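Please keep the sequence and the model in view while reading the points below.

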Amino acid sequence: LSSNIYKNSASNEDAVRLVRRAIELGVTHFDTAIVYGPFTSEQILGEAVKGTARKGVVLATKTGIDVRPTATRPLNSSPEYIRESCLGCLERLQTDYIDLFYL
């Protein structure tokens, strides 16, 4: 949604509308990651599915790549980082659970 690899990326508002329209058309599985944006894709999905739209939607996200400015190595699968990143994902996705959390 916002990896910005293409020059004409959609605005966040357009991306939220796109996700909501996809849900209306029957799309139920959305896959994202901390590194997409970074963080922006999760924020867009969170905004799009918060509230009643979350029911029936499967959210998958990934961790293990440490994008924090203080990171000393890019790959991080420590229990502390996994816990911290999971809490951040929950906040950005505006939900209390993640259906599939990849490492």
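Of the 103 residues in the protein, 36% are buried. The model is a predicted one, and the values given here are computed from it. The protein contains three helices and three strands, arranged along the sequence in the pattern α-β-α-β-α-β. The radius of gyration is 14 Å, close to the 13 Å that the globule rule gives for 103 residues, so the protein is as compact as a globular protein of that length.

**Overall dimensions, surface and contacts**

- The C-alpha trace spans about 40 × 35 × 15 Å along its principal axes.
- The protein exposes about 6,500 Å², and 56% of this area is supplied by carbon and sulfur atoms.
- Among the contacts with a separation of 6 or more, 67% are accounted for by residues 24 or more positions apart.

**The sheet**

- Strands of a sheet pair through backbone hydrogen bonds, and the pairing can be parallel or antiparallel.
- In this protein, three strands form an open sheet in the order β1-β2-β3, with parallel pairing.
- The edge strands are β1 (29-31) and β3 (100-102), each of which pairs on one side only.
- From one strand to the next, the twist averages 15°.

**Pairing of β1 with β2**

- Strands β1 and β2 run parallel and are joined by three bridges.
- Within this pairing, Phe30 stands opposite Leu59 in β2.
- Between the two strands, the chain crosses from β1 to β2 through helix α2 (residues 40-49), and this β-α-β crossover is right-handed.

**Pairing of β2 with β3**

- Strand β2 (residues 58-62) pairs with β3 in the parallel sense over three bridges.
- Ala60 has Leu100 in β3 as its bridge partner.
- Lys62 stands opposite Tyr102, which also belongs to β3.
- Together, β2, α3 and β3 make a β-α-β unit that is right-handed.

**Placement of helix α3**

- Which strands does helix α3 (residues 79-93) lie across?
- Helix α3 lies across β2 and β3, and runs at about 135° to β3.

- A right-handed crossover through α2 leads from β1 to β2, and β2, α3 and β3 form a right-handed unit.

Notes: Residues numbered from 1 in each chain as written. Predicted model: local features only at pLDDT ≥ 70, side-chain atom pairs only at ≥ 80, totals over all residues. Heavy atoms only, no water. Pairing = 2+ DSSP bridges. Helix = DSSP H or I, 4+ residues; strand = E, 2+ residues; numbered from the N terminus. Axes fitted to C-alpha atoms, helices over the stretch in contact; angles between N-to-C directions. Contact = heavy atoms within 4.5 Å. Right-handed = clockwise from strand over helix to strand, strands pointing away. Rg over C-alpha atoms; globule rule 2.2 N^0.38 Å. Buried < 20%, exposed > 50% of the residue type's maximum accessible area, 1.4 Å probe, protein only. Areas by Shrake-Rupley, 256 points an atom, 1.4 Å probe, with all protein chains shown as cover.
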